[in-house]
Each structure stands twice: as structure tokens, then as C-alpha cells.
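I opened a new notebook page for this structure. Below is what I looked up, entry by entry.

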Amino acid sequence: MNGLQPPRPDLADEANRDGFIRTYKAWKGSNVFVLGGRFIFGPDVRSLFFTIFLIVAPVAVFCVFVARKLMDDFPHHLGISIMAVVVALTLSDITLLLLASGRDPGIIPRNLHPPEPEGYEGMTEVRPGQTPPLRLPRTKDVIVNGISVKIKYCDTCMLYRPPRCSHCSICNNCVDRFDHHCPWVGQCIGLRNYRFFFMFVFSTTLLCLYVHGFCWVYIRRIMNGEEATVWKAMTKTPASIVLIIYTFISVWFVGGLTVFHLYLISTNQSTYENFRYRYDRHENPYNKGVIRNFVEVFCTSIPPSKINLRAKVLKEPAIAPRTVSGGFISPNNGKAIGDIEMGRKPVWDEALGDISDYEGQHSVDYGDKDSRLPDVSPDLSRILPPDNTEGRGVMHHPRRSSWGRNSERWEISPEILPLSRIGESKRMNGKSNGESTNQNQQFEMRLSTVK
């Protein structure tokens, strides 16, 4: 009333948003997001358009050159139904494809920090040059339906994967009940989209059989109408010949895939488990019987997503040096880094190099002389060299390192610094010796000239 106006809601919201971003903008995986994070796709989402083209193009040819002609040969309602059924199958097929491709397949959120190992009781005194005493175990045993199952630690996501979970090297995410990464769908197939994937493959098989069958019906109508042989009738409808060949080849692919996944569903396996663990050789802890296995896939509710891509999170600040004083390290520390599930190669050979080549590129922190263990960045804690690599430095490799991917600052351990100083002193001594030798030679030449 006194000339004061209430704050504008948009300005207040802008102030609240300051320092916050949507989760999908801070996403560390390789996914592609559409409509502000409402749809999530794999990094190979472009293949989805090619898959749609492979479905729509032959159906369009069928409607124009086959179904439209059959509408005139059959009674009115029956002729229209031929066209209507193929259009309905196509629309349902594309809808199932998009449902399988554009939704969260069951991604497990990453941890910001690795879990504390069992028996951890706080700060542990570690002397320079010594490995911390506690180490995260690479695997753990859990009981599933009375059977012991091993779960693995994921260095990228910094968590122990739940049973049936695996890390997709293409999407760079841990996916619950991981089946496979489908390049035709452009997405991982997991717990939350497997049902739609199977229905897509099955409906594609029905569509191929439908088009293939009515192409033969049209050829038969030509044979009866003109009293021609099958070869002569084929020459009058080349579009039918092309569609027959196309659908015959396609049905072997999608039909075989349908049969294979029917077997997997009946035995409660995933594609990954079938090729990796071979449950036919030992007991499958997830098998509940054929009927209950089908009910689990098709009749149970889909669990909610564990990630909220529209939620607001703080912008990730620059990663500060991390003190290794907790007394535990990554399971891969002290050995070649490589995720078995992701198929990454060990990086010691490419990570190790002469520290003199990178002199001046890394920030060196000598630390306090009284401190037991210096500050090191998460990357260096991940890529500490083994015992047999003394005198060689470490090069930052952004695609290999999992901790501190956004770190732009390196802190080099004091154990490495004396080696670099020794190398530097050797280079300085060699340089001074070379200069003194050149001066002696010049002095002798002058003496000879004077004489």
C-alpha cells in the first residue's frame, strides 16, 4: 500500500534456482535427453530413426501396391479391414518401440563416494609409501532364494551392484536386471523396459507374417483372375516380390529373437546371464517356474524409476584434493584398472610415463612435513602406480579414471617427488658437465692458436 510491491514469483524462483541445475544436465552417463529430461535415450539414439524407417517403408509400399488393390477384390468391409489391421499393427509396433527406447531401463543412481568397508572404525594411521590397511572387497556374497550369489563392486558408480545388475559400457550406467544393449532400439534393455522390448519384437514378427501372407494372397488373386502361372503373376506385381523377400529375411531375425526371449522368460534368465553364467549347468536362483516367470514379466507392476531427471541438484563444484586418511581404498588400487563388465583394458602401460615430460603441467603440493599422508586428488588415488614402477609418473586419462572426472588439478604424492628431483638433478648435472666440457675444448683451442 505504501508503494511497496511483493516480490515477483519469477524473480524469487530465479533466486532459488541460482546454483541449481536439473539432474539430467549434470548427468555423468552417456545418455541423450529429450524434452527437458522427460525422455531418456541411449547415446546411439540415431539408430532408432533407422529402425522406424525399416518398419514404415515396407508397410507404406504394402498399403499402396497390395492392400489398396485387395480392397477392390474383397467385399467392402473385409477389404477395408486388411488396410486397417496393417496400420494398427504398425502403430502399435512403433509405440512399443518408443516405450522401450525412451524410458529409464532401470538405472541405479551413482554414489558420490565409495562405501565404507566393513570393520572401518575411523582414521587409520598410514605412513608414506604404505598401502592403507583396509580395502573394499571386489565381490560380496548375498543369498537369493537360498542360493549364494556374488555381487561385484562398480568402480565407475562406486557401489555394489544389486543381483542381476550390470554396468553398460555404452550408456555408462549400472542397469538393474540388465539384459543387453540393443542398437536397434538405441537403449539398454533392463528391468523397466524389457516387457515393452519383447512386445515390440513379437509385434514386429506378427507384422512381417501379415505382410508376407497377404502378398501371396494378392499373387493368388492375379493367378485366378488372369489364369496365369505363378511366375507370370509375380511379374505383374514386383512390389509383392520385394515385400515377400524382405519379410522372409526379417522374420528369421525377429522371429528367432522372439523364440529366444520366450525361452529366457520361461527360465527367468536375461540375455547377459544366459551367455555369461549358463544356468543350464547349475541351479538358477531366480527361476520360479514357467507360469510364475511369465507372470513376473508381464503381469507385475513396473517399479518406479530410481532417478528423477527433473529434480534440481547443486552444481558440482571443482573437486578439491582428497585426503586419503580414512584407511580404505578402491578394490582396484594396486593393480591394473579395468572393469570386467565394461571390458575396459588395463591402463598402466598408457598411464605411466616419464615425469619429466609432464613437468610444469601438474600442481605439486608438498604438504606439511608433520603430516602422515599428503592430499591427493581422487584421480591420483585411483591411478597410483604399482611397486615396480618407481621413478615414473602418472598421466591423467579422463576416459579411464572414474573418480574425480572433472578434476583439473593434480596433487602428486611426496613419494614421487624425490624421484622427479633425482631425475631433474641428473639432467642438471649432465647439462653442467656438457657445458664444462665445451668450455675446456674452447680454452685448449685458444692456447693452441696463441702458440
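**Burial and surface.** I began with burial: 40% of the 451 residues in the chain are buried. Buried means under 20% relative accessible area, exposed means over 50%, and partly exposed lies in between (1.4 Å probe, protein chains only).

**Ground rules.** I noted that this is a predicted model, where local features need pLDDT of at least 70, side-chain atom pairs count only at pLDDT 80 or more, and totals for chains, interfaces and linings use all residues. Residues are numbered from 1 along each chain as its sequence is written, and side-chain values use heavy atoms, with hydrogens and water left out.

**Fold elements.** I found 11 helices and 18 strands in the chain. These are DSSP runs numbered from the N terminus: helices are H or I with at least four residues, strands are E with at least two.

**Contacts.** I took the contacts with a separation of 6 or more and found that 69% of them join residues 24 or more positions apart. A contact means heavy atoms within 4.5 Å.

**Aromatic pairs.** How many aromatic pairs does a search of the whole structure find? I got 13. Rings of Phe, Tyr and Trp (its six-membered ring) pair if their centres lie within 6.5 Å; planes under 30 degrees apart count as stacked, over 60 as edge-to-face and the rest as tilted. One of the pairs is Y24 with F33, tilted, at 5.7 Å centre to centre and 55 degrees between the planes. F260 and F275 are also tilted, at 6.2 Å and 50 degrees. F260 sits in helix α6 (residues 238–267) and F275 in helix α7 (residues 271–276), 15 residues apart. I checked their cover: F260 is partly exposed at 25% relative accessible area, and F275 is exposed at 60%. I also marked a cluster, in which ring pairs link F198, F202, F294 and F298.

**Charges over rings.** A charge sits over a ring if NZ of Lys or CZ of Arg is within 6 Å of the ring centre and within 35 degrees of the ring normal. R164 lies over the face of Y286, 4.1 Å from the ring centre. R177 lies over the face of Y194, at 5.5 Å.

**K25.** I ended with K25, in the loop between β1 (20–22) and β2 (32–34). Is K25 buried or exposed? K25 counts as exposed, at 58% relative accessibility. K25 and R310 are 285 residues apart in sequence, yet 9.3 Å apart in space, C-alpha to C-alpha.
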